[in-house]
Each structure stands twice: as structure tokens, then as C-alpha cells.
Amino acid sequence: MAAPMLRCFSRGRCLGSLGPSGVLFLGLREAHSGAQGLLAAQKARGLFKEFFPDRGTKIELPELFDRGKGNFPQTIYCGFDPTASSLHVGHLLALLGLFHFQRAGHNVIALVGGATARLGDPSGRTKEREALDAERVRSNARALRRALEDLGANHQELFADGRPWGSFTVLDNSTWYQKRHLVDFLAAVGGHFRMGTLLSRLSVQTRLKSPEGMSLAEFFYQVLQAYDFYYLFQHYGCRVQLGGSDQLGNIMSGYEFIHKLTGEDVFGITVPLITSTTGAKLGKSAGNAVWLNRDQTSPFELYQFFVRQQDDVVERYLKLFTFLPLPEIGHIMQLHEKEPEKRGPQKRLAAEVTKLVHGQEGLASAKRCTQALYHSSIDALEVMSDQELKELFKEASFSELVLDPGTSVLDTCRKANAIPDGPRGYRMITEGGVSINHRQVTNPESVLVVGQHILKNGLSLLKIGKRNFYIIKWLQL
């Protein structure tokens with residue numbers, strides 16, 4: 001059936017529309033053209049890990065993206081379950097995969113699992129997820145939709161390369177499941193799935209052998225994900241599903257379901273999972289998530305996460321997490337060999353990712369915070385907002401004080417509850433344990449000076465010892 005026009009993401013911007021289902025074209029130039037096709041290019045970057053099914057991906061899948069065949073734009077989707085109110089770094093590679101397809105002229109769908117999140121995906125897990133109530137899932141789904149739309153907008157506005165792009169659409173699978181009754185759904189869909197096949201999936205086998213076992217809700221998850229693929233195939237002409245490498249079993253279920261009902265071939269592509277230095281998968285369940293929501297992980301913290309990456313992974317991460325051409329990445333690494341102390345690759349990686357996630361202002365904020373904290377920059381402190389200061393000094397006490405004439409360093413420290421009363425607090429200042437705006441103060445009786453102790457933005461950053469920060473906002477200046 002002919003696929004309908006894609007609805008575009010927020011702000012009314014659309015970069016393309018879907019053609020007939022099943023036939024797509026490859027809008028590729030430069031590094032993505034000729035024998036160096038889109039799939040081969042991303043395989044070379046390490047972004048695309050596995051292709052399914054094996055028998056079809058050597059010929060049929062590349063042909064779908066072969067512009068020389070005169071194909072129309074393809075449609076690719078990836079699912080994101082709203083088990084939390086924010087995406088995290090572990091989701092970024094799948095998004096980068098979608099964006100690379102979009103940049104090549106294809107249409108991509110980010111599917112929020114507003115329905116499937118109620119069941120919980122057992123893939124890659126040793127025990128069942130904590131059940132989420134319906135309102136929590138709806139709230140999380142709204143947050144994820146906004147986040148995905150913002151990422152799509154940042155990508156379009158800040159990383160344009162002059163080529164015609166495909167569209168980026170955000171959908172929620174609760175849209176079609178809320179219209180289905182359980183018995184009707186099982187009668188229509190359930191007969192096309194074989195228990196032996198479903199039980200053979202690695203994710204199912206692992207859970208069945210675990211002490212906790214596996215619930216019926218989790219077991220049914222792969223059926224719903226398979227139906228999602230079928231629904232998008234029927235209504236949007238989607239023939240490729242993208243997912244983490246732990247999603248291969250779910251993708252296989254979708255392929256088998258669609259092939260059984262329609263006789264058509266569809267395909268799956270996986271991206272690698274990002275792990276910590278200990279090998280643990282980054283994410284909410286592992287307790288090591290680096291969130292993409294500013295309220296949970298600030299732009300500064302996201303920036304520093306990538307700046308801290310070791311030399312042995314930074315080149316790989318530049319290929320995975322950025323749109324930089326491979327020759328440019330090679331040049332960056334060559335410069336790094338000559339001046340490793342500058343950490344050039346890490347800073348470029350951090351800048352590219354932060355800009356994509358938080359926009360140009362988010363990157364500027366991360367750099368201001370970096371200058372203020374690690375380079376003791378007074379200029380950076382003076383232009384920082386209250387929000388940035390609170391993000392940078394999360395553990396700091398935040399006080400609002402009235403500046404009376406003759407207010408001294410000692411008065412300030414005591415009003416902020418930064419030092420104990422009596423001689424001990426006095427000595428902390430005289431012995432050099434106190435600084436204001438990165439400048440050591442040793443005279444407790446010194447009167448505060450606007451422009452030195454109090455910055456242009458009406459703030460003072462008080463530090464006691466090496467780690468204890470106090471932020472003071474002066475009123476009635």
C-alpha cells in the first residue's frame with residue numbers, strides 16, 4: 001500500500017516525505033557515494049555492527065540504498081522505551097545511526113514506546129524491570145518526545161552539510177495499541193508466532209534460567225515490538241529497524257512476523273552498546289547513566305564525561321559520536337600524538353556531542369563552567385547565570401545576603417555559615433583556608449569590594465578549604 005506523508009517534528013519543519021513503501025533511494029554524495037555506500041561507510045566507522053538477515057544483507061539491503069538503482073527514499077526506525085524521563089548517552093548511538101540515514105536523504109522515525117514500556121524489555125537484563133504505572137509512563141513518554149524533537153532540531157540547525165536530508169519524525173506506539181482490545185489483538189496477531197521460536201531467543205533463555213525467571217508480560221514484549229515493525233511497514237513503508245546489539249532477537253521476531261504476513265523482506269541493523277571502563281552497559285538500570293536532560297546531567301557534566309575519555313577509546317568515539325569525516329578524525333589524532341597533553345581529540349569529541357545534545361548555548365555554558373572551575377577564570381564566573389553556578393557547584397550552599405556598608409570577609413563567611421564562630425573560624429581565614437572568587441583572602445577584617453569580592457553579576461563564590469563551596473547572591477547592590 002502507498003505510504004502516507006510523514007508528519008514532521010516540532011516547529012513545522014519537514015525535510016522530506018515518504019515515497020511508495022518498499023522502494024527507496026540513497027541520497028549520498030562524497031564519502032557515501034559509489035562503492036563506499038552508506039552501509040559500508042558506517043560499518044567502517046564502527047557504528048553499524050550487525051545486519052539481519054545474513055542471506056539478504058549482502059545484496060538486497062545494499063540495493064535498497066543504491067541511488068543508482070533509482071530507488072525512492074527508504075524509511076528506518078528505532079524505538080526508545082520511556083522507562084525514565086530522559087534519554088542517556090547509551091541511546092546516542094542509535095540516534096546517530098538514524099541521523100546518518102537522514103543526512104543521506106532517507107526518512108527516519110524515532111518511536112517512543114509509550115505502550116511497550118509498561119511491559120519492560122527483558123533484553124540484556126538479569127531480572128525484571130520495576131513496574132511503572134500508566135501515568136508515570138505517559139509522563140516519561142512526553143518528556144522523551146520533547147527530547148527527541150529537540151535533538152532533531154539541533155541536528156538540523158547546527159550540523160547541516162548542504163545536502164537534501166530526509167525527514168525526522170517522532171511517533172508513540174501507544175497511538176495504535178490504545179485502539180486495540182486484548183482478545184482481538186491476540187486473535188489477529190498471536191497465531192502468527194510460534195512458541196518454540198520465541199522461547200529460543202537468547203534474551204528469553206537467559207531469563208528463564210535465572211533464579212527470578214521471566215514474567216508473561218516480559219515474554220510478550222518481543223511480540224509487541226514485532227508488531228510495531230509491522231505497523232510501521234504497513235503505514236509508513238518502513239523496511240529497516242535500527243537498535244542496540246541487545247535488540248537483535250526482537251528485530252528477528254519482527255522480520256519473521258512481517259515476512260509471514262506479507263512475503264516481503266525487511267531488515268535489521270544493530271549498533272554497538274556503550275560500556276563503562278568496567279564493561280557495564282551505560283544506562284539507568286546499571287546506575288551509571290549519563291543523562292541527556294539538563295536537569296539530570298548538566299551540559300558541563302556531559303562535556304566533562306567525554307573530555308575524560310581515555311586515549312585508547314577517543315578515536316573510536318570520534319567515529320561513533322560525531323559526524324566528522326574520517327580524514328579529519330585521522331588528522332586530529334595525528335596532532336594528538338605530537339601534543340597529547342592538550343587532549344585535543346577529547347575536547348573536540350566533547351564539543352561535538354554537547355552541541356548536538358544541548359545546542360550552541362549549552363556548549364558555551366559547558367565551556368564557561370570548565371573555565372570557571374578548572375582554570376579559575378574570573379571572566380567566566382562573572383557571566384555565569386545562577387543556573388550554571390548551581391549546576392557547577394551542586395553541593396554548594398546557596399545564600400542571598402544584603403550587602404551592608406562595611407561588610408567584611410569575616411562577616412560574609414559567618415553569614416553564609418561557611419566557618420565556625422569564634423577563634424577557629426577567624427584562624428581559617430588568616431591561615432589561608434578561604435578564597436573568594438578564586439582569590440585567597442587572609443585578612444578577616446577586609447571590607448568587601450565590588451568588582452573584586454563581588455562580581456558584576458552580583459555573586460560571590462566562597463571556597464573553604466579545597467572542596468567546600470558557598471554561592472552568595474548579593475541583594476540591593
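## Helix 1 and Ala-40

Helices here are DSSP runs of H or I with at least four residues, numbered from the N terminus, and Ala-40 lies in one of them, helix 1 (residues 38-45). The model is a predicted one, in which local features need pLDDT of at least 70 and side-chain atom pairs count only at pLDDT 80 or more, while totals for chains, interfaces and linings use all residues. Residues are numbered from 1 along each chain as its sequence is written, and side-chain values use heavy atoms, with hydrogens and water left out.

Ala-40 has a relative accessible area of 35% and is therefore partly exposed, a term for values between buried (under 20%) and exposed (over 50%), with a 1.4 Å probe and protein chains only. Although Ala-40 and Pro-62 are 22 residues apart in sequence, their C-alpha atoms are 8.9 Å apart in space.

## The nonpolar cores

A nonpolar core is a set of buried Ala, Val, Leu, Ile, Met, Phe, Trp, Tyr and Cys residues joined through side-chain atoms within 4.5 Å. The largest such core has 63 residues, and Phe-80, Phe-306 and Phe-321 have the most contacts inside it. Helix 4 (residues 89-103) gives the most to this core, with nine residues.

Leaving aside residues up to four places away in sequence, Phe-306 touches Val-89, Tyr-317, Phe-321, Gln-346, Leu-349, Ala-350 and Val-353, where contact means heavy atoms within 4.5 Å. A second, separate core of 30 residues includes Tyr-77, Leu-224, Tyr-236 and Ile-258.

Note on methods: Helix = DSSP H or I, 4+ residues; strand = E, 2+ residues; numbered from the N terminus.
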